[in-house]
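Welcome, and thanks for taking a look. Here is a short tour of charges, strands and contacts to follow in the viewer.

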Amino acid sequence: MKTHRTIRYRLHPRTQAKARRLHELAGACRYVWNHFVGVLRDEYVAYGKCDPRWYTLNMRFTNLRKQFPWLQGYSCSIVRQSLKPIETAYKKFYAGKGGLPKFHGRHTHAPSIPLGTGMFKLQGDFLHVQKIGQLKLCGNNPYPDGIAKSGTIKHECGKWYAYITYEVQITALPSSIKPVGIDRNVGQVARSDGVVHYTPDMALLEARKRRYQRMMARRQCGNRKQGIKPSHRYLKAKNLYARTQQKIVQARTDWCHQVSREIADDYTLIYMEDLNTKGMTASAKGTQEDPGKHVKQKAGLNHSILNSGWGKLEQCLGYKASVMKVAPHYTSQACHACGHTDKHNRKTRAYHECVACGYRAHADVNAALNILAFGNGAAGRGGSGITRPVKRQTDTESPLRT
């Protein structure tokens, strides 16, 4: 079975000329994107329709390169590749699933360079890009036999990174099935075998991020519509904030990879709750009489849920093992020993104590056991036992550690 895997490398231009060339190429891609986004938007407003097809944009881009000779100094195929998402965006817009493509701001959009088939070449630890030259790659490729299909070069927090997508051949899952139930909670993940994985403590980094946010709020952020540029002190604080946020994301992603690998090494079938994380973390609106009621508490809960990385863990497990989802109803209230379901069974957040039989256990481990029972179709556990498979997902793997 063939699938795609994206590997994240650290990219070293090694010379100032190549680094400047990368910034100029990213600027050319941004300029062409903004030009055609504006042209198509004006046509849609004036005539009620426009032609965002990829073939049409290619012909219009050829004429644009003749009008602006400075665009001819960059790779035609790379700059033209940056227009491909416009067609997809307009298809979603016409289907009522999204809005018009947005402009890319110089200070609000991270510089990026799309790489399609034939626009780059991998030679050992080097990446050769058209009209740029060889760039040093730092990282490990776990798929040496994979075929590089596409990629993207991004500038993140003062550093260049290359995301290379490989077409790889994955092996079939083992015939023997060894299931486990997993209960996701705020700050921890419990398994039905009694193991509890705690998320890394991000209190110091979160405090530092909030401090940088206050610094940004006190400084001139600029206004694009009024032609006011952001101050250098604002951009400096924004870079510090972005670097801190990147550390948080990398630490959380590394934890998800470590935990998912440990689970996938021991089990081949994983049962999880079918949680609607998007609905659970929706913004709190309060009541009509008191618009601010419970809004602050709900915002804190949303922040804790999102920091627990439920979706990322599910994504990491999706391509390392077989994942099945079960109905989440009454998994925390049902007793695994006798099957009695009562909201008073869980008197505290930490422990589950059945009011019928007196069974006492870790609350999340008890819920994980119920999830495993629901997945196996066991009777008398308060659930339907209905499961649905999760499609094996493609994930971005990073060989880097910070």
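Let's start with a salt bridge: the side chains of Lys 136 and Asp 125 meet with N and O at 3.8 Å. Lys 136 sits in strand β5 (residues 133-138) and Asp 125 in the loop between β3 (120-123) and β4 (126-129), so this pair ties together parts that are 11 residues apart in sequence. Please keep in mind that you are looking at a predicted model.

**Salt bridges**

- Lys 136 has a relative accessibility of 27% and so counts as partly exposed, since that value falls between the 20% and 50% limits.
- Asp 125 counts as partly exposed too, because its relative accessibility is 43%.
- The count of salt bridges comes to 16.
- One of these salt bridges joins the side chains of Arg 8 and Glu 156, with an N to O distance of 3.3 Å.
- That pair links distant parts of the chain, with Arg 8 in strand β1 (residues 2-12) and Glu 156 in strand β6 (residues 147-156), 148 residues apart.
- Both Arg 8 and Glu 156 are buried.
- Lys 91 forms a salt bridge with Glu 87, and their closest N and O atoms are 3.7 Å apart.
- Here both partners, Lys 91 and Glu 87, belong to helix α4 (residues 84-94), where they are 4 residues apart, or about one turn of the helix.
- Lys 91 is exposed, because its relative accessible area of 54% is over the 50% limit.
- A network of salt bridges links Arg 184, Asp 274, Glu 314 and Lys 325.

**The positive patch**

- On the surface, a patch of positive charge gathers Arg 210, Arg 211, Arg 214, Arg 218, Arg 233 and Lys 236.
- Two helices, α5 (203-218) and α6 (232-266), each supply at least two residues of this patch.
- Helix α5 gives the largest share of the positive patch, with 4 residues.
- Arg 210, one of the patch residues, has its place in helix α5.
- With a relative accessible area of 42%, Arg 210 is partly exposed.

- Strand β11 (residues 269-273) is mostly covered, with 5 of its 5 residues buried.
- Leu 269, Tyr 271 and Glu 273 point one way from β11, while Ile 270 and Met 272 point the other way, and all are buried.
- Strand β8 (residues 179-185) runs parallel to β11, and 3 bridges join the two.
- Within this pairing, Gly 181 has Tyr 271 of β11 as its bridge partner.
- Strand β12 (residues 322-326) also pairs with β11 in the parallel sense, over 5 bridges.
- Met 272 stands opposite Lys 325 in β12, and Lys 325 is also part of the salt-bridge network with Arg 184, Asp 274 and Glu 314.

**A contact from helix α6**

- Helix α6, which supplies residues to the positive patch, also holds His 257.
- Is His 257 buried or exposed? Its relative accessible area is 17%, which is under the 20% limit, so His 257 is buried.
- The C-alpha atoms of His 257 and Leu 313 are separated by 7.4 Å, although the two residues are 56 residues apart along the chain.

Terms used
Residues are numbered from 1 along each chain as its sequence is written. This is a predicted model: local features need pLDDT of at least 70, side-chain atom pairs count only at pLDDT 80 or more; totals for chains, interfaces and linings use all residues. Side-chain values use heavy atoms; hydrogens and water are left out. Patches are made of residues with over 30% relative accessible area and no salt bridge: like charges are joined within 9 Å, nonpolar side chains (Val, Leu, Ile, Met, Phe, Trp, Tyr) within 5 Å. Accessible areas come from the Shrake-Rupley method with a 1.4 Å probe; for residues, only the protein chains shown count as cover. A salt bridge is a side-chain nitrogen of Lys or Arg within 4 Å of a carboxyl oxygen of Asp or Glu. Lys and Arg count as positive and Asp and Glu as negative; His and the chain ends are not counted. The place of a charge is taken as NZ of Lys, CZ of Arg, CG of Asp or CD of Glu. Buried means under 20% relative accessible area, exposed over 50%, partly exposed in between (1.4 Å probe, protein chains only). Two strands pair if DSSP finds at least two bridges between them.
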